Amino acid sequence: AHYNLGDTYLDLGKHEEAIESFKQVIRIDPDLAWAHGNLGLAYRKSGKYKEAIESHKQAIRIDPDAALEHNNLGIAYFISDMYKEAIESFKQAIRIKPDYADAHNNLGVAYGKLGKHQEEIESYKQAIRIDPGLAGAHYSLGAAYGNSGKHKEAIESYKQAIKINPDFKEAHYNLGLAYYPLGKHEEAIKSCKQAIRIDPDF
């Protein structure tokens, strides 16, 4: 009952109530890895990143092969600006579950923060190979290409993200930015206008 209650509170955005519910589950059975993991999620969503890290670590101590917990630990490290630790956590998630598209994508984002653009690009490509419908990975790949001065490749990646999610305003806007250095000013204006059509406040 406490588990279902905790999940319900999480879904409703009532993070403090979720924290108390998951703590109650852990008091009853301290060896439930998922309860520690969900407590970590609740802590993270309430901005308590240090506590989130400790909760995910505890889940991993109980169940070392829980790829989801290594990925979630990586996210908690990432939000805490601990990018090297995040990379190790995402890598561990991938070692356990090589076809974990989200972990590959997250690994790419973390590499990007450290300026390791080649590793970043390869991580996004791997995420896309596993899950071609991951619009966010195509978008991030486009941004990585753009940062590396590869504007033609960036354009193709943004187009792919838009094909999957036509209302992806950031992808339309960045597509416009990628057209500009290539002298394709009409296409650039058209893409930026499309972003504004989707969200007039953008």
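**Exercise 1. Decide whether F90 is buried or exposed, and find what surrounds F90 in this predicted model.**

Solution. 
1. F90 has a relative accessible area of 1%. Buried means under 20%, so F90 is buried.
2. F90 belongs to helix α6.
3. Leaving out residues up to four places away in sequence, F90 touches H70, N71, G74, I75, A103, N106, L107 and A110.
4. For a distance across the chain, take G13: G13 and F90 lie 77 residues apart in sequence and 26 Å apart in space, C-alpha to C-alpha.

**Exercise 2. Describe the overall make-up of the chain: how many helices and strands are there, and what does the C-alpha trace span along its principal axes?**

Solution. 
1. The chain holds 12 helices and zero strands. Its pattern along the sequence is therefore α-α-α-α-α-α-α-α-α-α-α-α.
2. The C-alpha trace spans about 65 × 35 × 25 Å along the principal axes.
3. Of the 202 residues, 44% count as buried.
4. Take the contacts between residues at least 6 apart in sequence: 39% of them join residues at least 24 apart.

**Exercise 3. Examine helix α4: what is its reach from first C-alpha to last, and why do its buried residues line one face?**

Solution. 
1. Helix α4 covers residues 49–62, which makes 14 residues. From first C-alpha to last the helix reaches 20 Å, close to the 20 Å expected at 1.5 Å a residue.
2. The buried residues of α4 are A52, I53, S55, H56, A59 and I60.
3. Viewed down the axis of α4, these residues fall within an arc of 165°, so they line one face of the helix.
4. The general rule behind this step is that an α-helix has 3.6 residues a turn, so residues three or four places apart point the same way.
5. K50 and R61 are exposed residues on the face of α4 turned away from the buried side.
6. The packing partners of the buried residues of α4 are α3 (33–45) and α5 (67–79).

**Exercise 4. Characterise the largest pocket: what is its volume, which residues line it, and which helix gives the most to the lining?**

Solution. 
1. The volume of the largest pocket is about 150 Å³.
2. Its lining consists of K159, I162, H172, L175, Y179, E187, K190, S191, Q194 and R197.
3. At least two residues of this lining come from each of α10 (151–164), α11 (169–179) and α12 (185–198).
4. Helix α12 gives the most, with five residues.
5. Sorted by class, the lining has three nonpolar, three polar and four charged residues.

Terms used:
Residues are numbered from 1 along each chain as its sequence is written. This is a predicted model: local features need pLDDT of at least 70, side-chain atom pairs count only at pLDDT 80 or more; totals for chains, interfaces and linings use all residues. Side-chain values use heavy atoms; hydrogens and water are left out. On a 1 Å grid over the protein atoms alone, a cavity is a set of points where a 1.4 Å probe fits but cannot get out, and a pocket is an open set with protein on both sides within 12 Å along at least five of seven lines; lining residues have an atom within 4 Å of a point. Grid points are joined across faces, edges and corners, and a volume is the space filled by probe spheres set on the points. Helices (H or I, at least four residues) and strands (E, at least two) are DSSP runs, numbered from the N terminus. Ala, Val, Leu, Ile, Met, Phe, Trp, Tyr, Cys and Pro count as nonpolar, Asp, Glu, Lys and Arg as charged, and the others, Gly among them, as polar. The expected span of a helix is 1.5 Å times one less than its number of residues. Buried means under 20% relative accessible area, exposed over 50%, partly exposed in between (1.4 Å probe, protein chains only). The arc is that of the directions from the helix axis to the C-beta atoms. Contact means heavy atoms within 4.5 Å.
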